[in-house]
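Visitor: I am new to this structure. Could you show me how to read a few of its features?

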Amino acid sequence: VGAEKEVAAGKAVRALKVEYEELPFVLDVHQAMEKGAPQLHEKYPGNVLAHTSIRNGDYEKAIQEPGLTKVEGWYQTPTVQHCHIENFICTAQMEGERIRMLSSTQIPHIVRRVVGQALGIDWGRVQIIKPYIGGGFGNKQDVLYEPLNAFLSLQVGGRPVKLELTREETFADTRVRHAISFHMQGAVRPDGTLVARRVEAFSNQGGYASHGHAIVANASNMIKQLYRDEKALESESYTVYTSTVAGGAMRGYGIPQGDFAAECLMDDLAAAIHMDPLAFRLKNCMEEGYKDP
């Protein structure tokens, strides 16, 4: 407004020059883990947010059994966006000493806490109203732009401020389902008995943590629980930062990705011994009474 008044008065307005520096980036989880790759966060060498292992038996020892058929392969699930009908939207305004927010969110209590922390005020001064939302499916299970909106309202004297994302902004700036790359190995007897499996899972976290390692850890745990491995199951799960949209919660929470990889391996094992894939699954599926060690 001030610039418009100066222009109207015939005064020269100094143009602001903004310069952007393009930083090194990495888009692939395997490249991100390589030595010399750009480091996105100083505290996470190799761009690895977290790494966990499962050891039930000894895979290498188990596959020494004579007569086994061994299969291995890479199975990948892509990034997915939730595509809820209602994009993210929120409003903020002051009512006395309290900031009142209306937000399309799945987590109003967490939003309240984080807004209070961001502004450095008591949580009791923050009210979050969550109406019925036009879909979320995990995308709105994160604090998105609510703290920024609350801050903006304070900058204009507590007057109402609304932030509403376009579909393009929702795709680029909110959350997506983690793309996970699985390296699967399995060994089976001629009669169809599943002897051992090994899993390496690499989850693309994007640029920020959000719902992080729990996703790929869930996937690996589900793989362990779905079928019986007579001698061994081992897994290594990695969550890796890349220069892409942040991965977050989405329906299934890692299970769809893990199930896809597990069933692909079962299909390939059954095909390798020329066994009906349904009969192969029924022979090896987890029985009632199983206790996870």
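Guide: Gladly! Buried means under 20% relative accessible area, exposed over 50%, and partly exposed in between (1.4 Å probe, protein chains only). This is a predicted model, where local features need pLDDT of at least 70, side-chain atom pairs count only at pLDDT 80 or more, and totals for chains, interfaces and linings use all residues. Residues are numbered from 1 along each chain as its sequence is written, and side-chain values use heavy atoms, with hydrogens and water left out.

Visitor: Is E65 buried or exposed?

Guide: E65 is buried, because its relative accessible area is 17%. Contact means heavy atoms within 4.5 Å. Beyond its neighbours within four places in sequence, E65 is in contact with R189, V195 and K231.

Visitor: How do I read two packed helices?

Guide: Two packed helices are described by the angle between their axes and the distance between the axes. Helices here are DSSP runs (H or I, at least four residues), as are strands (E, at least two), numbered from the N terminus. Axes are lines fitted to C-alpha atoms, for helices over the stretch in contact, with angles from 0 to 180 degrees between N-to-C directions. Helices α4 (residues 108-119) and α5 (residues 146-155) pack at about 50°, their axes 9 Å apart. So α4 is oblique to α5; angles under 35 degrees count as roughly parallel, over 145 as roughly antiparallel, 65 to 115 as roughly perpendicular and the rest as oblique. Among the residues making the contact are V111 and V114 of α4 and A150 and F151 of α5.

Visitor: Which residues are in contact with I223, leaving aside its neighbours within four places in sequence?

Guide: They are F182, M184, R197, V199, L233, G258 and A262.
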